[in-house]
Amino acid sequence: MGRTLQNTMINLGLQNACDEAVYQLGLDMEELEEIEEDAGLGNGGLGRLAACFLDSMATLGLAAYGYGIRYEYGIFNQKIRDGWQVEEADDWLRHGNPWEKARPEYMLPVHFYGRVEHSATGAKWVDTQVWGLTGPHLNPPSCSLNPSPLSRHQSPSYRVPLQLPCSPLGYWKLPVGQLQELGGLMLCVVWLLLHLQFFEGKELRLKQEYFVVAATLQDIIRRFKASKFGSTDSVRTVFDSFPDQVAIQLNDTHPAMAIPELMRIFVDIEKLPWNKAWDITKKTFAYTNHTVLPEALERWPVDLVEKLLPRHLQIIYEINQKHLDHIASLFPNDVARLRRMSLIEEGGTKRINMAHLCIVGSHAVNGVAKIHSEIVKTQVFEDFAELEPEKFQNKTNGITPRRWLLLCNPGLAELIAEKIGEDYVRDLSQLAKLQQFVDDDLFIREVAKVKQENKVKFALYLEKEYKVKINPSSMFDVHVKRIHEYKRQLMNCLHIITMRDPTKLFVPRTVIIGGKAAPGYHMAKMIIKLINAVAHVVNNDPAVGSKLKVIFLENYRVSLAEKIPATDLSEQISTAGTEASGTGNMKFMLNGALTIGTMDGANVEMAEEAGEENLFIFGMRVEDVTELDREGPIPPRLPIPPCPTSLHPSLCLHPSPSLLVFLMLFHHDRFKVFADYEAYVKCQEQVSELYLDSKAWTKKVIRNIAAAGKFSSDRTIKEYARDIWHVEPSNLKIPAPNEPRDAGHEKTPNGTAA
């Protein structure tokens, strides 16, 4: 979620007034804003996407809740010591959280272990252990640009649209890890923000995943049963209208246990017949897939699930049996198909394929970029798409322009407003009007001036934090994202080694790389060590001087990402077919950086919107990667990047991480670094050549900004609302406390009482 103070002031239209008031008190608002801790409750793009979606749902007036875990300790603080990543606890609550309000009256138990008793009245989960009592903490809403008093928000209606222009934000408390509740009621959107690793019997992780969905569904059912605003009495006992009034979006497979949990509630507690419960459940859930990497698709061992959640395993088995019976009726004697489509993987250790569970238990499945959604349909889940093609959709990701333009780049935001007005903030497609100013010399100079001011400010920050003298006129070449082999920070590092050759470096560059490696991901940690080793040598090489500097940004987080406006060149260089979408690419584009990248994720649509000639596209396409994989392991393609000994002998001292990384590349270049390297180097030469022509560069920048309108999360959320949740945005506002409440606002569109 990042920081809240400045974002709230901007969304309420109060920033100037607050700045002035604080100044009158003899204080500096920027200093005050820097004191606030980032709420680091997610990991990488998936967590930040959820935050952008909540902002958009609030702005559009959708009645939506996000549920996830509120950890007492957020994602770790990254320290770099002797070039290595060291993880420290992120004690973000050490000074308390002034935004939150505890709601202990809604405490809920979450159960684990135990056994199942079957009787004439049905199944019963007994002898369980209560892992924790959860209780929500209310937070200020992620408000829309329509000012509304924070002190006044009502429980939303079970019909949509409702009158809240903002989504209330709250948290569920647990002694160690805590559940976060973020927002409105009808669309109970499940966001589980947990970090991605290989899932080998991680009991604590599975406990957290079940914890979040158990607390979420108890809260949803409680609200559904209540008869009116604020009521704690259960009145509704008929669930026929449940999917018309509640939609649950599963954000990747992490909350997949919500499907058997809702079935358990309906069948075991509410005593609904199985078929009716299953029909309601399928109509309620929809699933968003966020990755195609096999190691990131969760597969839980059956033995672990049986120990922790014995009743849920029985329900999953029943779902699977009925699913396979249906497949067998359509494809008799096709045993291979049954094996591929089963929820249970039988080879070796029996595992539950959570993605298959999500697909079978949902009425809609979507990817998050056109190319990704196509891969999902034609490769990853081909059998399921063949069976139910109408179920599969695309919803290209987006970013909120409130935080990622107004907040982080006020100079550019004001310049755009002077040219096309302020309405673009709520309708980013209006940026297309900037196309008419592409050849306007004055506008070109103004855009370049804003960029240079941002670079000077960032250069001062880097010099202060890293004690490295930065040339603000150099090209700021930025590669910030989670450290992973498929994102190919390693290829960027090899290019730094290549650029150290004076004949290759004819444009001064400041290369900035940042991101966290998962604590157990040893190769990613070695890549960080290599980058820091290269940076140390380059930054202290008198032959290179000020022409090339390398910075590894420590502890990359939302508040650091807000310095994106200083970027000239955005590195989006993942292997084609591996990045589902990416959202950093959109933030750089919106803030006037040019992209060097592969045809992967949302890069493809960025090229479609801006024109491929306005991006620096290189490397293999998805079909080329597929063909290369089909050929099997091959020797590296020339030119092979220089051994790091050519950079400095110390980088190849056995058993140095740099040597291990290079050995890995030569023997198992899974993500095709060598195969794309020559094309990458040639493309970087084109980048340098264009950068020498400031006017031509800035014209491409303007074309990119003008084409960024599609990538607003407002557009994404409107598509989810229209195609999956079947609700409409609302512009209704809550009156101030001293104003009379319009009785008409208590009605839903069809006139029924809210």
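Visitor: Among contacts in the protein chain between residues at least 6 apart in sequence, what percentage join residues at least 24 apart?

Guide: Happy to start there! This is a predicted model, where local features need pLDDT of at least 70, side-chain atom pairs count only at pLDDT 80 or more, and totals for chains, interfaces and linings use all residues. Residues are numbered from 1 along each chain as its sequence is written, and side-chain values use heavy atoms, with hydrogens and water left out. A contact means heavy atoms within 4.5 Å; among contacts between residues at least 6 apart in sequence, the share that joins residues at least 24 apart is 77%.

Visitor: What percentage of the 754 residues in the protein chain is buried?

Guide: Buried means under 20% relative accessible area, exposed means over 50%, and partly exposed is in between, using a 1.4 Å probe on protein chains only. The chain has 27 helices and 25 strands, which are DSSP runs numbered from the N terminus (helices: H or I, at least four residues; strands: E, at least two). Of its 754 residues, the buried part is 59%.

Visitor: Is Lys587 buried or exposed, and over the ring of which residue does its charged end sit?

Guide: Lys587 counts as buried because its relative accessibility is 7%. Leaving aside neighbours within four places in sequence, Lys587 is in contact with Arg48, Ile399, Trp404 and Ile564. A charge sits over a ring if NZ of Lys or CZ of Arg is within 6 Å of the ring centre and within 35 degrees of the ring normal. For Lys587, at 4.5 Å from the ring centre, that ring belongs to Trp404.

Visitor: Which elements are included in what covers the buried residues of α22?

Guide: Helix α22 (residues 603–610) is largely enclosed by the rest of the structure, because six of its eight residues are buried. Those buried residues are Asn603, Val604, Glu605, Met606, Ala607 and Ala610. The cover over them includes α13 (370–380), β23 (569–572), α21, β24 (594–597) and α26 (694–706).

Visitor: Which residues form one aromatic cluster?

Guide: Rings of Phe, Tyr and Trp (its six-membered ring) pair if their centres lie within 6.5 Å. A search of the whole structure with that rule finds 21 aromatic pairs. One cluster is formed by Phe112, Tyr113, Trp125, Trp131, Tyr210 and Phe211.

Visitor: What is the phi of Tyr113?

Guide: Most residues other than glycine have a negative phi. Tyr113 lies in the loop between β5 (108–112) and β6 (115–119), and Tyr113 counts as buried because its relative accessibility is 18%. Although Tyr113 is not a glycine, its phi is positive, at about 60 degrees.

Visitor: Is Asp82 buried or exposed, and what is its phi?

Guide: Asp82 sits in the loop between β2 (74–81) and β3 (84–90). With a relative accessible area of 65%, Asp82 is exposed. Its phi is also positive in a residue other than glycine, near 55 degrees.

Visitor: Which residues does Arg264 touch, not counting residues up to four places away in sequence?

Guide: Arg264 belongs to helix α7 (residues 258–269). Its relative accessibility is 13%, so Arg264 counts as buried. The residues that Arg264 touches are Trp125, Tyr210, Ile269, Arg311, His312 and Ile315.

Visitor: What distance separates the C-alpha atoms of Ala123 and Arg311?

Guide: Ala123 is in strand β7 (residues 122–126). Beyond neighbours within four places in sequence, Ala123 is in contact with Val116, Glu117, His118, Asp268 and Arg311. Ala123 and Arg311 are 188 residues apart along the chain, and their C-alpha atoms are separated by 8.2 Å.

Key:
Phe/Tyr/Trp six-rings, centres within 6.5 Å; stacked < 30°, edge-to-face > 60°.
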